[in-house]
Every structure is written in C-alpha cells, then in structure tokens.
Amino acid sequence: MVILNLGQGFVVIFLATGLMKQNKKLDTNEVFLARPLSNAEYVLGRVWTLLKLFFGIHIILIIEVLIINLAVKDSPVQPMAYLVYPVLMSIPNLLFIIGLSFFMVGLLRNQAVSLILLLGIAGSSLVYLSTEYYFLFDYTAFRLPMLFSDIVGFSDAEFIFVQRGFYAVLGLAFISLTVLLFNRLPRSRGGPVFAAIMALILFSGAGFIGYKYLEMTTILPDELRAKTIELNNEFGTKKNVTIQSCNLKLNHGKGNISCLATLVVKNETSEVLDSWYVCLNPSLRVLSIKSNGKEIEFSRNLHIVELSAQKQLNLN
C-alpha cells in the first residue's frame, strides 16, 4: 500500500496535468464547454474521473492481498486495516496532488512548466522534507509511522488523522481555487463567489489543522520536555527511598490496561524521610495508593508521584 501510494502520487501528476491537453487534442473540450455545466461541475467531474481510476486499482489490490491473507495458514485477518489504510493514505494523497496539479495548470497555463514544478515538489517532499516537522510535508505518507496493532490500533492515531486531514482539506481548497481559474464563462454570477468563499474557508481550515499539528508535535512536546527536565533537576537532588521489590499484576482491557503494583521500599538515606516519590509514565493515571490497607495522600506532577508517609520513614 505504501509503494502504491507513492507511485500513484507521481502518476497522478502526469495524468492531471495532461488531462486538459488531451481533451483539447481530441477536440472534446468544445463538447463540454457548450453544455450547460457549471465550472465547478466541470472541474469536479475531472477530479472524480481520476479518483474512480485509482479507487478501482486499490480495490483490485485489496482483494488480491485479502486472498493471500486468507490463503496463508495462521495469518490473522484484520478487517479494519483493509479499510483504514486506503482511506488514510490514498484519499488525502489523491485529493492533494490532483488539486495542486489542476491549480498549477490553471495558474501557469503551461503543462511543461507545471509538470516540472510538481515533480520538483514531489521529489523534495520525498527526499528532503518528508521527516521535517514530524512528517508534516510527507503528503504521500511514505515515512509517516502508521503501523496498525491488533491490540491498540495506531500508536498515536490523533496525529495521523490530523496530518492526513490537513492534506485532504488542502487538496479540496486547491480544487475550489481551480474553479476560479478555469478559463470559461461561469453559468451563474454566484458561482465564482461561492467558489472563492469555499476556497477561503478550506484554506483557513487547512491552516488551522496545520497549526494544530505543529502544536501537537513540536510546541507541546518541547514544553513537556522542558518541564520534565525541570522536574528531574528539582527532585534529582532530594533524598528518596530505594525500591527493594516491585510486583506487577497487569490486566489487558479493550483498548486500555489496568495494573496493580506492590512495592517494598526502604530508606537507605542518612535522614528520616517525611515523604518520598516514584516516577511513572505521565500517560498512566494513578487511582489510589495504599499502605497497610490505608490510603496515602499523594500529589502528581507529570511523571513524578510524590507521597506523604503515614509516619516518618526511619533509617533502614
């Protein structure tokens, strides 16, 4: 699926940029232009033509893979993967590259120049920019981490959906802009205005999604990293207990886990301790902490869980 998605990104560039020229060469443009079609219907018809072609290719490929999957003994079949990968990988890729190709041809009015620029954009995205800003420029999803697990699904589904949604909306925005650049008298006066409003809304939406993606993958992680380092520096100098043993009872649920941890700790410092702390993944939630059946008060700050001792922990 990854190789097909990458290949179709380059093939669509040639097909999309050559579609108008081919129609002109075959003298079919006049047939379309003479009919009472709006510019939006004309452009969307061309988009749908390309989408149908590649949807058919994907369906054939999915059927072949499914047959192989069923034929191989002890090979589990994950129905969700057969739906999720084409939707998340191919549709945003197709919408973006079709919309961008139509826009470039409509703007430059030259197929050769448009083709060179589009191939340059595709090559730069694949070779140089695909891993920049946490895969923001990877519109083909060639390097985007999209490994699907039977247990938890995608490791980070939110950022995958946001990244793919960014290119889907951006592609629709370019398609709307192509309607404005189409060299044909509109059927109604309100058509160009509506197309301009849609393009503005879609570009604004793509910009908002792109900013949220950068916030999720760069701004917030940088802030979290700085806060974590600050906490490590603060608690790293404090006296703390030594964990003698740790017994974990882990239960797997549907999309989550629960765990009971039994700790034996010892004060091996040179001081009596009124409190102590442990480190825990900040994504895990602490329900309660007990000692000898009694609840212990605790405070949570990211990965630091600080506990108040029921009584002072003497030496050893």
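A residue is termed buried when its relative accessible area is under 20%, exposed when over 50%, and partly exposed in between, with a 1.4 Å probe and protein chains only. The structure is a predicted model, in which local features need pLDDT of at least 70, side-chain atom pairs count only at pLDDT 80 or more, and totals for chains, interfaces and linings use all residues. Residues are numbered from 1 along each chain as its sequence is written, and side-chain values use heavy atoms, with hydrogens and water left out.

The chain holds seven helices and nine strands; helices (H or I, at least four residues) and strands (E, at least two) are DSSP runs numbered from the N terminus. Of its 316 residues, 33% count as buried. Contact is taken as heavy atoms within 4.5 Å. Among contacts in the chain with a separation of 6 or more, 67% are accounted for by residues 24 or more positions apart.

Helix H3 comprises residues 39–71. The expected span of a helix is 1.5 Å times one less than its number of residues. For the 33 residues of H3 this gives 48 Å, which agrees with the 48 Å between its end C-alpha atoms. The buried residues of H3 are Asn39, Tyr42, Val43, Arg46, Val47, Leu50, Leu51, Phe54, His58 and Asn69. In general, an α-helix has 3.6 residues a turn, so residues three or four places apart point the same way.

The packing of two helices is described by the angle between their axes and the distance between the axes. Axes are lines fitted to C-alpha atoms, for helices over the stretch in contact, and angles run from 0 to 180 degrees between N-to-C directions. Angles under 35 degrees count as roughly parallel, over 145 as roughly antiparallel, 65 to 115 as roughly perpendicular, and the rest as oblique. A crossing is left-handed if the near helix is turned anticlockwise from the far one by less than a right angle, and right-handed if clockwise. For residue classes, Ala, Val, Leu, Ile, Met, Phe, Trp, Tyr, Cys and Pro count as nonpolar, Asp, Glu, Lys and Arg as charged, and the others, Gly among them, as polar.

H3 packs against helix H4 (residues 79–108) at an angle of about 155°, with the axes 11 Å apart. H3 is therefore roughly antiparallel to H4, and the crossing of the two is right-handed. On the H3 side the contact involves Val43, Arg46, Val47, Leu50, Leu51, Phe54, Phe55, His58, Ile62, Val65, Leu66 and Asn69, which meet Tyr82, Pro86, Ser90, Ile91, Leu94, Leu95, Ile98 and Phe102 of H4. By class, 16 residues of this contact are nonpolar, three are polar and one is charged.

H3 also packs against helix H6 (residues 157–181), at an angle of about 130° and with the axes 9 Å apart. This angle makes H3 oblique to H6. The H3–H6 crossing is right-handed. Asn39, Ala40, Val43, Leu44 and Val47 of H3 form the contact with Ile175, Thr178 and Val179 of H6. Six of the contact residues are nonpolar and two are polar, with no charged residues.

Between H4 and H6 the angle is about 30° and the axes are 7 Å apart, so the two helices are roughly parallel to each other. Their crossing is left-handed. The contact of H4 with H6 has 19 nonpolar, five polar and one charged residues.

Two residues in other helices were examined individually. Gly9, in helix H1 (residues 2–25), is buried, with a relative accessible area of 1%. Not counting residues up to four places away in sequence, Gly9 touches Asn93 and Ile97. The C-alpha atoms of Gly9 and Leu119 are 9.7 Å apart, and the two residues are 110 apart in sequence. Ser125 belongs to helix H5 (residues 111–129) and is buried at 6% relative accessibility. Apart from neighbours within four places in sequence, Ser125 is in contact with Ser130, Phe137, Asp138 and Tyr139.

Most residues other than glycine have a negative phi. Phe135 has a positive phi, near 70°. Phe135 is located in the loop between H5 and strand S1 (148–149) and is buried at 15% relative accessibility. Asn292, likewise not a glycine, has a positive phi of about 55°. Asn292 is in the loop between strand S6 (290–291) and strand S7 (294–295), and with a relative accessible area of 78% Asn292 is exposed.
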